[in-house]
Amino acid sequence: MAQRSSLPQLVLSLAVAALSLGLSAGTALAAPPKYTNPLIAQRADAQIFKHTDGYYYFTASVPEYDRIILRRATSIQGLASAAETVVWRKHSSGEMAAHIWAPELHFISGKWYIYFAAGASNDIWRIRMYALENSSANPLTGSWTEKGIISTGVDSFSLDATTFEHNGQRYMLWAQYNPDSNVYIAKMSSPTTLAGSPVLLTRPEYAWETQGFRVNEGPAVLKKNGKIFVTYSASKTDDRYCMGMLTASDSSDLLNPASWRKSPTPVFTSNVNTSQYGPGHNFFTVSEDGQSDLLVYHARPYQQINGDPLYDPNRHTRVQKIYWNADGTPNFGIPLADGATSFRFKSYNLPNYVIRHWEFRGRLETNVNPLADSQFRLVPGLSGSGTVSFESANFPGYFLRHKNLEAWVEKSDGSTSFKNDASFYQRSGLASSTGSSFESYNYAGRYLRHFNYLLYVQPLSTATDKADATFIAD
């Protein structure tokens with residue numbers, strides 16, 4: 001529900017006082033990460049691993065399911081153009097000869113490991129988990145030694161191994177059929193050996209987990225805010241594929257199923273407006289400056305698939321920033337449209353508040369839900385002339401424009417008046433150079449600013465006016 005009351009006078013007074021002392025809500029804010037999606041075409045089940053050597057490492061399933069590839073770059077965007085190295089190929093016969101799926105790269109005790117799934121030449125659906133080991137400093141070089149099958153104690157279809165360390169103990173998570181595709185956890189006694197019996201964490205039970213197939217798979221781990229989050233993918237790998245989430249306290253017994261709470265609804269799903277379908281099989285990484293948590297996942301740019309979706313090659317690697325709810329849980333928003341990064345724009349003098357649209361009116365709010373109401377992509381201005389325009393993340397083709405000097409989000413009608421109303425000159429922040437201020441293209445001297453939570457295009461005169469017209473990209 002939108003907050004519609006005005007801010008208490010005390011809050012305004014404190015904000016103005018902070019400004020007079022030279023304090024800036026945006027001073028400590030790092031620049032938000034900028035990426036272009038899709039990051040890498042035709043690479044599914046993607047992983048981006050940030051290592052201590054300053055490189056990001058990338059691996060993923062290739063459409064042919066016949067090899068394991070690696071890339072590395074010093075930036076995430078750099079992975080898009082980085083050379084791709086084949087580090088291992090499927091066997092010509094026997095085990096590990098078909099369906100080479102979902103490789104993951106990990107650095108454990110001074111060595112590199114790749115976990116992956118594979119079928120056999122005489123039974124391509126006899127999918128089991130395997131491991132490779134490499135002692136080279138750079139995993140794109142040196143030799144990879146096959147370490148054999150990762151035994152779970154149950155000989156059945158198993159895949160999507162991932163691993164993490166917590167409180168000095170290493171764990172493995174994976175998916176295995178018994179009889180559905182469930183997600184399990186176990187301690188590890190070595191990088192390739194499980195210790196103790198597997199513990200069931202989640203099985204498909206909700207309607208959104210049982211569409212097409214009864215599937216929970218592709219677990220990924222994110223630790224933050226005193227909690228451990230495990231995301232996983234559910235249902236068939238078409239447009240119904242989606243992400244669920246488990247949550248546990250980081251002080252709990254991770255092998256006790258009672259420690260985990262399962263979200264009753266999916267946390268990341270297909271989006272018709274942005275034309276992204278079947279988002280899933282994700283991984284987590286961090287931005288180059290370490291300040292932003294990032295979601296790495298794959299999705300298709302179309303809904304209709306000819307034939308088996310498993311063999312449709314166009315699951316593309318994508319990356320976007322994760323935001324955090326007030327209760328410390330991640331908010332993944334929606335799979336964003338192709339193209340440049342979408343941002344949120346925080347108020348400079350009310351730093352917990354961001355620009356959003358509510359019933360298409362531009363305003364400031366905190367704890368915005370749905371998240372995408374507060375995400376905009378800065379694109380070249382519709383009017384040209386060195387301007388920018390704010391395009392809505394969840395309504396592509398809709399732009400923030402002024403109408404009767406009030407800010408609204410509306411679909412472009414292509415008219416000159418709309419283009420002019422939706423175009424702004426991006427200036428250095430009037431209250432702080434860490435932010436930006438946006439001057440109206442067709443009303444010189446008038447800036448986008450907040451007043452009593454609502455957004456207007458107005459002339460500015462006081463320090464408070466200038467603070468109201470300064471925003472920090474997030």
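Are R356 and E365 buried or exposed? Select the two residues and look: both R356 and E365 are buried. Their side chains meet in a salt bridge, with 2.8 Å from N to O. Keep in mind throughout that this is a predicted model.

**Stop 1**

Next, select R401 and D421. Their side chains also meet in a salt bridge, at 2.7 Å from N to O. R401 sits in strand β29, while D421 belongs to helix α2 (residues 416-421), so the pair ties together parts that are 20 residues apart in sequence. Check the surroundings of the pair. Both R401 and D421 are buried.

**Stop 2: a charged network**

Side chains of opposite charge can pair when their charged atoms come close. How many salt bridges does a search of the whole structure find? The count is 28.

For a linked group, select E95, R126, R128 and D155. A network of salt bridges connects these four residues. Now zoom in on R126 and D155. The closest N and O atoms of this salt bridge are 3.3 Å apart. The pair links distant parts of the chain, 29 residues apart. R126 is in strand β8 (residues 123-134). D155 is in the loop between β9 (145-149) and β10 (158-166).

R126 has 27% relative accessibility and counts as partly exposed. D155 is exposed, with a relative accessible area of 56%.

**Stop 3: a nonpolar patch**

Keep the surface on and select I124, W125 and Y311. These residues make a nonpolar surface patch of about 300 Å². Where is Y311? Look in the loop between β19 (293-300) and β20 (316-321). Y311 counts as partly exposed, because its relative accessibility is 43% and that class lies between the limits of 20% and 50%.

**Stop 4: a lysine in β20**

Move to K321, which is found in strand β20. Is K321 buried or exposed? At 19% relative accessibility, K321 counts as buried, because the limit for buried is under 20%. The side chains of K321 and D474 make a polar contact at 2.6 Å.

**Stop 5: a four-stranded sheet**

Hide the side chains and switch to cartoon. Select β2 through β5. These four strands form an open sheet in the order β2-β3-β4-β5, with antiparallel pairing. Which strands stand at the edges? They are β2 (44-50) and β5 (85-89). Each has a single partner strand, so one side of each is left without a neighbour in the sheet. From one strand to the next, the twist averages 20°.

Look at one pairing in detail. Strand β4 (residues 67-73) is joined to β5 by four bridges, and the two run antiparallel.

**Stop 6: backbone exceptions**

Most residues other than glycine have a negative phi, and most peptide bonds are trans.

Begin with the bond from N178 to P179. This peptide bond is cis, with omega near -5°. P179 lies in the loop between β11 (169-177) and β12 (181-190).

Then go to N369 and P370. The peptide bond between them is cis as well, with omega near 5°. To place P370, find the loop between β26 (361-365) and β27 (376-380).

Now select N225. This residue is not a glycine, yet its phi is positive, at about 60°. N225 lies in the loop between β14 (216-224) and β15 (227-234). With a relative accessible area of 42%, N225 is partly exposed.

Finish at N404. Look for N404 in the loop between β29 (398-403) and β30 (406-411). Is N404 buried or exposed? N404 is exposed, with a relative accessible area of 72%.

Conventions: Residues numbered from 1 in each chain as written. Predicted model: local features only at pLDDT ≥ 70, side-chain atom pairs only at ≥ 80, totals over all residues. Heavy atoms only, no water. Buried < 20%, exposed > 50% of the residue type's maximum accessible area, 1.4 Å probe, protein only. Patch = residues over 30% accessible without salt bridge, like charges linked within 9 Å, V, L, I, M, F, W, Y side chains within 5 Å. Areas by Shrake-Rupley, 256 points an atom, 1.4 Å probe, with all protein chains shown as cover. Pairing = 2+ DSSP bridges. Axes fitted to C-alpha atoms, helices over the stretch in contact; angles between N-to-C directions. Polar contact = N/O pair within 3.5 Å; in protein donor to acceptor, adjacent residues only side chain to side chain.
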